Amino acid sequence: MPPTPASASPTSPTSPASGTGGLRRELGFRDLVVYGLLFIAPMAPVGVFGTLDAKSHGAVALVYVVATVAMGFTAFSYAQMVRVAPKAGSVYAYARVGLGESAGFIAGWMAMLDYLLIPAVAYLFSGIALHALVPSVPQWVWTAVAVVVTTALNLWGVRAAARVGFLVLAMEIAVLFVFVVAACVALAEHGPRRGWLSPLGGVGGFSGNAVLAAVSVAVLSYLGFDAIAAFAEESAGGSEKVARAVLTCLAVAGVLFVLQAYLAALLAPMSPQELAAKPVRQGAAFYDTVDAAAGTWLHDLVAASKAVGAAFAALAGQAAAGRLLFAMARDRRLPVLLAKVDRGSGVPRPAVLGSAVVTLCAAVWAARRDDGLDRLVSVVDVGALVAFGLLHLSVLGWFAVRKRSRLARHVVVPLLGLAVVIVVIARAAVAAQAVGGLWLAAGLGVLGAEVFRRSAPG
């Protein structure tokens, strides 16, 4: 008979490694959703709107509808496994229970790559935006300031960080609301620049292949909703509340993404064909749309919101990274020092500081290079996607193999989710595939060395 989730490891939350403490259950349902939406960012499509518009031939709202459904398979698998293993560490804990310790380590190792680099990208976005607003302060200084401020909040306590994060999230949604109102006013006064249904059907004809190509990029806007599962041991409502928060976060993000993409597509001053012919204009396409619809005041408001929002997206990512390092250290797959919990704040302080140092180095390095943003952005996705793939296999391993379940949610849903992950990885940038492959090889090397050490006599 397979071990129960609670006994799957001698170092479960109820029996932490020597010198460590347990995490406090302080987070409510709202706090969990806040962390997820902060990490995703309600206006995540701003940066990739032009790229998606060009790739999809204008069907950018449809792209986000399909992407939301596609990522729904992953969210559903998270909801299944968080009930089985309601532990910090998220996909690391799930793969460990569903597939075994070695697969769990690799899942955690691959997720670690993204949890350390995605916050670095967010901090860099914040530094770039703040430098644009205050050019006298170097970009790398603003980036470092963002890291220090948000790290201090994370060390203060998970509940305190969630409260501040809620205010920032409310500000981001308020700015998005202003954009929606301004867009509706512009449409009422001047009408759309494209057909009303073009954001769902394309400009100049529908292309399924073009939409799917854009979906492979759009799903990257959702990376981060899974961070909710990292706080499973700190949820006051247990695993059911975490599962509900994961699904709620994805649904809310999907509605917000589709709405802003639809309105921006109707008001875009350049056609998808023009954007495809001029790739240099794709990055600023959303801002060009805002300028055309309402003027520079809204442009500046959106830019300022993105500056603050990016820093707090990094805050959520850094907190999730700290929980991942904590969980792996508690199971002695990383140095046990990282499993120590501060008695005053209830935060795994060494783990959070460790992730902050790595992220700070990556973000400041990129901020001091002209091509730093491109280099970071090109490599941040494959780690999470591989971890998602192992998540789906964990659902199959636990329910379909061990429990012999044949329910659709335990077989069909993870298989569909796995297929989506494979397609997106296959379409990822070559640089991302290369870095992901090297990181995977390094993880296998570490795992092999550990297995050899344990099997060696004496």
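A cavity here is a set of points, on a 1 Å grid over the protein atoms alone, where a 1.4 Å probe fits but cannot get out. This is a predicted model, in which local features need pLDDT of at least 70, side-chain atom pairs count only at pLDDT 80 or more, and totals for chains, interfaces and linings use all residues. Residues are numbered from 1 along each chain as its sequence is written, and side-chain values use heavy atoms, leaving out hydrogens and water.

**View 1. Cavities in the whole structure.** A search of the whole structure turns up 3 cavities of 30 Å³ or more, a volume being the space filled by probe spheres set on the grid points, which are joined across faces, edges and corners. The largest cavity has a volume of about 80 Å³. Among the 13 residues lining the largest cavity (an atom within 4 Å of a point), Asp114, Tyr115, Asp226, Ala384 and Phe388 are the closest to its centre.

**View 2. The helices around the largest cavity.** Helix 5 (101–133) and helix 16 (382–402) each supply at least two lining residues; helices are DSSP runs (H or I, at least four residues), numbered from the N terminus. Helix 5 gives the largest share, 4 residues.

**View 3. Helix 1 meets helix 10.** Here the axes (lines fitted to C-alpha atoms over the stretch in contact) of helix 1 (residues 29–40) and helix 10 (residues 238–267) come within 9 Å and cross at roughly 45 degrees. Contact means heavy atoms within 4.5 Å: in helix 1, look for Phe29, Leu32, Val33, Gly36, Leu37 and Ile40, and in helix 10 for partners including Lys241, Arg244, Cys249 and Phe257.

How values were computed
Axes are lines fitted to C-alpha atoms, for helices over the stretch in contact, and angles run from 0 to 180 degrees between N-to-C directions. On a 1 Å grid over the protein atoms alone, a cavity is a set of points where a 1.4 Å probe fits but cannot get out, and a pocket is an open set with protein on both sides within 12 Å along at least five of seven lines; lining residues have an atom within 4 Å of a point.
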